Amino acid sequence: MVTPVQGDLAVTRDAFRALMGSHPSGVAVVATADARGTAYGFTCTALCSLSLDPPQLLVCAADNGSTLPVLTVRGAFTVNLLHSAGRRAAEAFAGPAAERFSTVPWRPGPVTGLPVLPQDAHATAECRVTRLIPADDHTIVIGEVLHTEMHTSATDAAPLLYGMRRYATWPV
């Protein structure tokens, strides 16, 4: 028997943050650029694969961030999956927007020309936006993967994780 949910039982923002913070996730930098070539990006732990045929992934972007409007207009983005030495990139892209790309080496991707972080990421996907789904204070961005690039093997640089308010490295 299914018990219906009664009334307004939403948890507080702090309780939800504590719940999700207790679940470690891989860390990525999602990046794009405007028509003038100015790069934008943010640290992201809300991402996952979506389909194999066609290859698609999704990322969740904050509606109040500076990157989402640019990504929407550009229609493309990169997902840089960070390795254990990529913590500097994770911290830089979680901070003030003006400092992000001045502290982390990057180069244009071969397909989209958007930022790839080969020194901080073990792999990068270049994606075309196929769908945007508003979800309260975030937008779910679905991207078709156009190109992937491995920068280092997982045994050389294990993936960076974030959970319980700290960074850790995947055990090798």
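Start by selecting Leu47, Leu57, Val79, Leu81, His122, Ala123, Thr124, Ala125, Val145, Thr148, Glu149 and Met150, which line the second largest pocket. A pocket here is an open set of points on a 1 Å grid over the protein atoms alone, where a 1.4 Å probe fits, with protein on both sides within 12 Å along at least five of seven lines; lining residues have an atom within 4 Å of a point. This pocket's volume is about 150 Å³, taken as the space filled by probe spheres set on the points.

Some housekeeping: it's a predicted model, so local features need pLDDT of at least 70 and side-chain atom pairs 80 or more, while totals for chains, interfaces and linings use all residues. Numbering runs from 1 along each chain as its sequence is written, and side-chain values use heavy atoms, leaving out hydrogens and water.

Next, the largest pocket, with about 1600 Å³ of space. Pick Arg17, Thr43, Thr45, Ala46 and His138, the closest to its centre among 38 lining residues. Then colour H1, which gives the most to that lining, six residues.

Now go for Val30, Leu57, Val59, Phe77, Val79 and Val141, which have the most contacts inside the largest nonpolar core, a set of 16 residues. Such a core joins buried Ala, Val, Leu, Ile, Met, Phe, Trp, Tyr and Cys residues through side-chain atoms within 4.5 Å, buried meaning under 20% relative accessible area (1.4 Å probe, protein chains only). A second, separate core of 15 residues includes Val27, Val29, Phe101 and Val104.

Last stop: Cys44, buried at 2% relative accessibility.

Notes: Buried means under 20% relative accessible area, exposed over 50%, partly exposed in between (1.4 Å probe, protein chains only). Helices (H or I, at least four residues) and strands (E, at least two) are DSSP runs, numbered from the N terminus.
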